[in-house]
Amino acid sequence: LENNISNRIEQYAKRPKSKYISASTKSYEFANYMQTWVKKIEKVSNLNYPDEAKKRKFVGTLIMTVGINSAGTIKNIKIIQSSGHKSIDDAAEHLVQLSGPFEAIPNTKSKIEILYITRTWQFLPGNKLKQN
């Protein structure tokens with residue numbers, strides 16, 4: 001039992017330090033990073049708006065979390081709440097991947113290794129993507 005507890009403590013200590021932020025984040029150290037991240041994705045997304053969404057005039061809202069490694073590469077993407085259209089959800093994931101890599105995560109005293117950003121994505125009429 002003691003060995004099992006020791007192993008669990010060791011595994012916990014080795015896991016990467018991560019931080020979760022969203023549109024409501026007030027943390028100064030990550031606010032500018034998130035603003036730059038959002039602008040880049042919106043620009044790339046609006047230039048590469050999905051053809052199927054254009055043709056079928058899909059509109060929808062989804063909530064997605066994107067994990068970003070310290071170097072700015074994408075660790076993972078997770079749909080938290082679907083838009084109800086698999087093609088929109090898939091397109092949102094594709095557009096994030098197309099937008100990467102991103103800037104490196106800012107160096108902070110907490111030495112964050114993975115930054116998770118949760119945002120609401122809106123596919124709007126007129127073939128526009130907006131994040132909230």
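**Close-up 1. Asp90, a partly exposed residue.** With a relative accessibility of 36%, Asp90 counts as partly exposed, because that label covers everything between 20% and 50%. Keep in mind that what you're looking at is a predicted model. Lys86 gets another label: its relative accessibility is 60%, so Lys86 counts as exposed, the cut-off being over 50%.

**Close-up 2. Lys86 and Asp90 joined by a salt bridge.** Here the side chains of these two residues meet, with 2.9 Å from N to O.

**Close-up 3. Helix H2 packing with H4.** Now zoom in on helix H2, residues 28–47, where it packs with H4. The axes of the two helices sit 9 Å apart, and the angle between them is about 110°. That makes H2 and H4 roughly perpendicular to each other, because angles from 65 to 115 degrees get that name. As for handedness, H2 and H4 cross in a right-handed way.

**Close-up 4. Residues where H2 and H4 touch.** Which residues make the contact? On the H2 side, look for Lys40, Ile41, Val44 and Ser45. H4 brings Leu95, Val96, Leu98 and Ser99. Sort the residues of this contact by type and you get five nonpolar, two polar and one charged.

Terms used. Residues numbered from 1 in each chain as written. Predicted model: local features only at pLDDT ≥ 70, side-chain atom pairs only at ≥ 80, totals over all residues. Heavy atoms only, no water. Salt bridge = Lys/Arg side-chain N within 4 Å of Asp/Glu carboxyl O. Buried < 20%, exposed > 50% of the residue type's maximum accessible area, 1.4 Å probe, protein only. Axes fitted to C-alpha atoms, helices over the stretch in contact; angles between N-to-C directions. Helix = DSSP H or I, 4+ residues; strand = E, 2+ residues; numbered from the N terminus. Parallel < 35°, antiparallel > 145°, perpendicular 65-115°, else oblique. Left-handed = near helix turned anticlockwise from the far one by under 90°. Contact = heavy atoms within 4.5 Å. Nonpolar A, V, L, I, M, F, W, Y, C, P; charged D, E, K, R; others polar.
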